[in-house]
Amino acid sequence: MTPFEYDFLRRLLKTQSGLVLSDEKQYLVESRLLPVARRAGLGSLSELVAAIQKPSGKQLSDSVVEAMTTNESFFFRDKTPFDHFREVMMPDLLSARAGRRRIKIWCAAASSGQEPYSLAISLKEMAAKVAGWSVEILGTDLSNEILDKARNGIYSQFEVQRGLPIQMLVKFFAQKGELWQINPDIRAMVKWRKFNLLDSFAGIGEQDIVFCRNVLIYFDQQTKIDILHKIARLMPSDGYLVLGAAETVVGLTDAFQPVQGRRGLYQLKAAAATKPVGPRLAAVGGSNAR
Amino acid sequence: MKHCLVVDDSSVIRKVARRILEDLDFDIAEAEDGKQALEACRDQMPDAILLDWNMPVMDGLEFLTTLRRETGGDKPIVVFCTTENDVAHITRAIRAGANEYIMKPFDKEIVEAKFQEVGLI
């Protein structure tokens with residue numbers, strides 16, 4: 001691949017997905033895109049770049065973006081966010097939304113579905129507490145291909161062994177030959193939609209909890225800031241944001257502040273500052289005037 | 001340093017498991033079947049046991065059932081590691097007192113994830 005071709009791919013990825021690639025990421029591009037070229041019957045990345053630039057190249061450029069933005073994922077990744085979910089977010093919102101009995105959760109980089117399904121499993125495990133509640137989980141990702149996988153909920157033996165306790169595997173999955181499919185009742189708890197974080201968030205609607213983990217790292221500073229502000233705007237004042245273990249809002253925005261002693265968990269600044277001690281009756285019916 | 005007993009009749013699997021677990025800072029002992037493993041446990045009860053199912057002399061399930069009845073045999077955390085990968089086998093293992101279950105083939109990531117799951121690392 002020539003420097004000119006690498007630059008072309010960089011520009012393509014930046015405009016279509018916001019993905020920022022530094023100079024030394026050429027190996028990553030090659031390892032991810034050679035299979036794309038091969039599937040399209042092309043012999044090299046140079047041929048791939050040429051084919052994308054033809055009028056018929058749209059589908060191919062979509063495949064390039066998908067291949068570069070798909071992340072590895074596993075069930076209950078990093079564990080602590082799911083502890084926060086069970087121990088902080090849900091108890092707090094179950095008390096704050098006691099009137100409306102509705103909680104909305106958005107996984108903004110759902111990838112192959114392990115994160116939203118881990119949340120759905122967590123909700124199943126607290127079934128008694130959420131009985132009579134409507135808890136909606138929305139999983140979005142840039143890639144159609146990966147969303148199809150998420151929707152089917154079919155995982156390899158390797159995938160179900162990373163992060164998923166064996167009791168949960170037996171309880172919530174059915175074996176299909178060498179593969180494991182998550183049960184229909186869990187699948188039905190998650191709605192899927194293709195969505196680009198660079199686009200307007202208008203269609204996403206209000207979300208009480210936003211998981212946006214390990215995706216901001218791919219964007220440049222300004223794009224990170226824009227996305228965090230868009231998230232802040234679709235959140236009620238007592239909503240929760242979860243970032244990846246290696247991510248932070250520090251130096252990006254003042255809209256959010258960390259929840260004390262809860263790594264990776266954030267709330268809007270005003271909410272965290274005025275947080276009352278007991279159950280919050282005032283929040284019933286909407287603290288979401290915008 | 002935590003002590004892990006690796007029980008498998010395949011010397012290759014024992015070697016692979018030993019390498020992975022030593023990287024995770026475990027002190028390793030090996031046994032080739034359930035009977036040897038039981039003797040090793042009576043001599044010194046390990047913190048963890050990585051346990052194959054199908055072995056000559058005494059298989060993994062019989063070993064586990066016997067171990068759990070021994071004095072101090074409730075202590076070790078037992079992780080099955082076997083090609084038996086159907087729900088029926090998994091359920092039997094859990095009932096017999098297994099703490100976790102690895103379906104072969106396995107790699108370092110899986111061992112690490114499962115050992116984390118049961119609080120060994």
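Which residues of strand β3 (residues 48–51) of chain B are buried on one side, and which on the other? In this predicted model, Ala48(B) and Leu50(B) are buried on one side of the strand, and Ile49(B) and Leu51(B) on the other.

The setting of β3(B) is an open sheet of five strands in chain B. The order is β2-β1-β3-β4-β5, and the pairing is parallel. β2 (26–31) and β5 (100–103) of chain B are the edge strands, and each pairs on one side only. From one strand to the next, the twist averages 20 degrees. β3(B) is joined to strand β1 (residues 2–7) of chain B by four bridges, and the two strands run parallel. Here Leu5(B) has Ile49(B) as its bridge partner. β3(B) also pairs with β4(B), in the parallel sense and again over four bridges. In that pairing Ile49(B) stands opposite Val78(B) of β4(B).

Four bridges join β4(B) to β5(B), and the strands run parallel. Met103(B) in β5(B) is the bridge partner of Thr82(B). Helix α5 (residues 108–117) of chain B lies across β4 and β5 of that chain. The helix runs at about 170 degrees to β5(B).

Chain A is divided by its domain assignment into domain 1 (3–69) and domain 2 (80–283). The centres of the two domains, taken over C-alpha atoms, are 30 Å apart. Seven residues from domain 1 and ten residues from domain 2 of chain A take part in the contact between them. On the domain 1 side, the largest share comes from helix α4 (residues 58–69) of chain A, with three residues.

Chain A also contains an open sheet, built from seven strands. The order is β6-β2-β1-β7-β8-β10-β9, and the pairing is mixed. β6 (190–194) and β9 (256–258) of chain A stand at the edges with a single partner strand each, so one side of each is left without a neighbour in the sheet. Neighbouring strands are turned by 25 degrees against each other on average, direction ignored.

Within this sheet, strand β1 (residues 102–107) of chain A runs parallel to strand β7 (residues 209–212) of chain A, and three bridges join them. Cys107(A) stands opposite Phe211(A) in β7(A). On to β8(A), β7(A) is joined by four bridges, also with parallel strands. Ile209(A) has Tyr240(A) in β8(A) as its bridge partner. Tyr240(A) is buried together with Val242(A) on one side of β8(A), while Leu241(A) and Leu243(A) are buried on the other. Both faces of β8(A) are covered.

Helices lie across the strands of chain A. Helix α5 (residues 80–96) of chain A lies across β1, β7, β8 (240–243) and β10 (265–268) of chain A, and runs at about 175 degrees to β8(A). Helix α6 (residues 114–125) of chain A lies across β1, β2 (134–141), β6 and β7 of chain A. Its direction is about 165 degrees to β2(A).

Helix α8 (residues 144–152) of chain A has Ile146(A), Leu147(A) and Ala150(A) buried. Seen down the axis of α8(A), its buried residues fall within an arc of 100 degrees, so they line one face of the helix. The cover over these residues includes β2 and β6 of chain A. Just after α8(A), Gly153(A) takes a positive phi of about 60 degrees.

The two chains meet through ten residues from chain A and 15 residues from chain B. On the side of chain A, α9 (157–160) and α10 (166–172) each supply at least two residues. The largest share of that side, three residues, comes from α10(A). The model as a whole scores ipTM 0.92 and pTM 0.83.

Definitions and conventions: Residues numbered from 1 in each chain as written. Chains lettered and ligands numbered in written order. Predicted model: local features only at pLDDT ≥ 70, side-chain atom pairs only at ≥ 80, totals over all residues. Pairing = 2+ DSSP bridges. Axes fitted to C-alpha atoms, helices over the stretch in contact; angles between N-to-C directions. Buried ≥ 20, exposed ≤ 12 C-beta atoms within 10 Å, placed from the backbone. Arc of directions from axis to C-beta. Domains from an automatic or database assignment.
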